[in-house]
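Work through the exercises below with the model open beside you. Try each task before reading its solution.

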Amino acid sequence: MRRFLLRLVFVVALPVVLLAVWWLASDDSTDVYWPPLRTILKTFPDVWTAERLRTDAFPSVLRLAAGYATAAVTGVALGTVIGSHRRVRAVCEPVMEFLRAVPPPVLIPVIMLFAGIGDTMKVVVIASGCVWPILLNTVEGVRAVDSVMADTARSYGITGAARLRHVVLRSASPQIFAGLRQGLSIGIILMVISEMFAASSGLGFTVVQFQRGFAIPDMWTGILVLGLLGFLLSVLFQLVERRVLGWYHGLRASTRRSR
Amino acid sequence: MKGANLALGAAGLAVFLALGEAVPRLGLVKEAYFPPTSKIADAFAGELTDSAFWTALGDTLTGWAVGLAVAACAGIVAGVVISVVPYLREATASTIEFLRPIPSVALIPLAVLLYGNELRSVLLLVVYASFWQVLIQTLYGVRDVDPVAEETARSYGLGTWARVRYVLWPTALPYVMTGLRLAAAVALILTVTAELVIGSPGLGARIGIAQNSQAVPDMYALIVVTGLLGLLINVGARSVERRALAWHQSVRGEVTV
Amino acid sequence: MLDVRGLKKVYEGSGRRVEAVRDLTFTVGAGELVCLVGPSGCGKTTLLKCVGGLLAPTAGEVLLEGRQVTGPPPAMAFVFQEYGRSLFPWMRVRENVELPLKQKNLAKDRRRELVADALRSVDLADAAGAYPWQLSGGMQQRVAIARALAYEPRVLLMDEPFAAVDAQTRADLEDLVRRLWRERAITILFVTHDIDEAVYLGERVVVLSASPTVVQEQLKVDLPDERDQLHTRVAPRFAELRTHVYEQIQAAKRGGGTTKSDAPQPL
């Protein structure tokens, strides 16, 4: 019980201190750009009504989900194919290295040419930005399947789909998840940016509208919402990761101990 | 073996470029949207002779380098301090976990209000985004310190500074290098993004101008430039990483964090 | 049961030719326990992989019950030296043992029965729900053996399975192999670099030469069927056999005394 309390103190203490400092330091602020925290929090419920969440937050998240899911499926599927064939990998490597190195937001003008400024454009932008880290990490993970494990699978007749499902993808999963995590943060960036470029709804659009209209406290609430969204998605990701990669963390911990 | 791989890679690149030429020529996509490789190459050559292009490239590189340097110093110092001072790691964990996933682009409106399209706008975003990469890897690296080495150092009466210098830093270095490599890539993304969205001078802004003036081949050429820049940074960072770690028994992969 | 005829394996890559196995011929009778022993680096693993159908021989052939082995046959199971890399760390012990059976399309009840039986045979019934990395090295190798048993092979190939465990565990595992062999009447081909282990375990010991490998000598182990670590290892006959094998291996290392004539192959 005491240990639990101690841990709780550790978790809560610094955030409380920081918020208190922000609160006190900004309390009598007259600087228009740095409104008092009190004002921001008071504005929050007025700005982020259920209606606004439905019309702005929900479409943003939906587009992110669609683009991210597309990227995950494509990246893992292509990565598995490329990773399991040495020649294919050699052919694709330089092109993939180049495409990965292109900063994803510059794709927005290109994709706008093809897909206009609608939802399709945003989904395509998000997907085409997220796909590279996922693809390249999958290639690495699939390539690095342990030779003894591969021999084991072969000698016990584990081939084809079963080999892919039970051996290759599972053994590459730590790498794949590293790629998925990088992809997620790129996805959130692209979600916001694509809405700042051209949109009539969405979180990025709304926040920029507030800024252009000099509704400073409203803008601050928007920044808070984006921060919260990033945090929540990261928590969600960790929950999934801990479930899928539980074995990997256990394995790492056990080799660390025995070292 | 290596030669064969190189040849295959070159072949892949050639096919990629040839497809880029053939697809619009055959009318599979509109040439106005997707100019053939040769036109992009022309535009690219045109850019190279334009002094404004070189200024833009310089601006982008300045934003990238300054932002990365600030983030790297801050990240390493913060990481080491948090690890060395007792209880600081436990106390900061929740805050770091909360602040890290906040998308840096959420700060764009604030940056615009505070600094307009000055370099400082770019730096705000770049530093915020790259700082976490360095900090997290540094923290992981320090945690990887072998307890036996640490106890040995303690039992021989090494002070805090000596322990940091001789035990903690060498162990953490591989992780720090990984953090720097990731941060370098992230910094470029954010530099170009800030220029594109806010309009701070640089390659990103130039892409924006090309887009608005319907100069499609130039837009593609500039995108290729950013890609080449990114490639150069990746390759450079990786070779620095490898050289710095030549002594290390295993040049290790990234941590899944 | 198992016929190896004129087996030859040459690795080729980046302009270099390495002749790992030159010309090997031996047979393993049904229900026999044969140990292959040879100096380290003599291509034992290569040989076993060719027998198991994991590598295609350059020349010669491997026959299992009269049929040529071209890929891993379902009647054979393999136990690898590197147990840590051979068990799948993302699966629990039970799932590790069960996966090959799923591939054999066995019914669920039958699979459960085989898994339970195999784990009981290696005294790991309690560990079914654990992950391999939660177990000690010896226990992990027992899981690998259980996986092989559940597969119901007629031939069991073991590639230096106990090279990476400590001496006491090793003695226990050796007795386990003897017991399983006698209980289940499986044919076992056991590769080792340890002379004592080869003599203690085998009904017959095949001594291999240094690489490129040929058969140096075949030796019948005329020790009683009932063997135990305490008495067998101090028996005078054990010492004689062991000395004999040791001398053969020393001769093999020097490259002389080959009992078979083999025409030199130009490289």
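Two residues are in contact if their C-beta atoms, placed from the backbone, lie within 7 Å. Keep in mind that this is a predicted model.

**Exercise 1. The contact of chain A and chain B**

Task: Find how many residues the contact takes from chain B and from chain A.

Solution: 
- Step 1. Chain B gives 44 residues to the contact, and chain A gives 45 residues.
- Step 2. Look for the helices on the chain B side. Helix 1, helix 4 (88-99), helix 5 (108-115), helix 8 (160-198), helix 9 (203-212) and helix 10 (216-244) of chain B each supply at least two residues.
- Step 3. Sort the chain B side by class. The side that touches chain A holds 28 nonpolar, 14 polar and two charged residues.

**Exercise 2. The make-up of chain B**

Task: State how many helices and strands chain B has.

Solution: 
- Step 1. Chain B has 10 helices and zero strands. Along the sequence, the pattern reads α-α-α-α-α-α-α-α-α-α.
- Step 2. Take the span. The C-alpha trace of chain B covers about 75 × 55 × 30 Å along its principal axes.
- Step 3. Check burial. Of the 257 residues in chain B, 39% are buried.
- Step 4. Turn to contacts between residues at least 6 apart in sequence. In chain B, 73% of these join residues at least 24 apart.

**Exercise 3. Cover along chain B**

Task: Decide whether Ala11(B) is buried, exposed or partly exposed, and count the buried residues in helix 7 of chain B.

Solution: 
- Step 1. Ala11(B) sits in helix 1 (residues 2-25) of chain B.
- Step 2. Recall the cut-offs. A residue is buried with 20 or more other C-beta atoms within 10 Å of its own, and exposed with 12 or fewer.
- Step 3. Apply them. Ala11(B) is partly exposed because it has 13 C-beta neighbours inside 10 Å.
- Step 4. Take a distance from this residue.
- Step 5. Move to helix 7 (residues 147-155) of chain B. Among its nine residues, the count of buried ones is zero. Just after this helix, Gly157(B) has a positive phi of about 75°.

**Exercise 4. The nonpolar cores**

Task: Name the residues with the most contacts inside the largest nonpolar core.

Solution: 
- Step 1. The largest nonpolar core has 125 residues, and those with the most contacts inside it are Val192(A), Leu107(B), Leu125(B), Val126(B) and Ala187(B).
- Step 2. Find the main contributor. Helix 8 of chain B gives the most to this core, with 20 residues.
- Step 3. Zoom in on Ala187(B). Leaving out residues up to four places away in sequence, Ala187(B) touches Trp64(B), Gly67(B), Leu68(B), Ala71(B), Val126(B) and Ser130(B).
- Step 4. Another core, of 81 residues, lies apart from the largest one; Leu2(C), Cys35(C), Val97(C) and Met139(C) are among its members.

**Exercise 5. Chain C**

Solution: 
- Step 1. Strand 1 (residues 2-13) and strand 2 (residues 16-28) of chain C run antiparallel, joined by nine bridges. Asp3(C) has Thr27(C) in strand 2 as its bridge partner.

How values were computed:
Residues are numbered from 1 along each chain as its sequence is written. Chains are lettered from A and ligands numbered from 1 in the order in which they are written. This is a predicted model: local features need pLDDT of at least 70, side-chain atom pairs count only at pLDDT 80 or more; totals for chains, interfaces and linings use all residues. Helices (H or I, at least four residues) and strands (E, at least two) are DSSP runs, numbered from the N terminus. Ala, Val, Leu, Ile, Met, Phe, Trp, Tyr, Cys and Pro count as nonpolar, Asp, Glu, Lys and Arg as charged, and the others, Gly among them, as polar. A nonpolar core is a set of buried Ala, Val, Leu, Ile, Met, Phe, Trp, Tyr and Cys residues joined through C-beta atoms within 7 Å. Two strands pair if DSSP finds at least two bridges between them.
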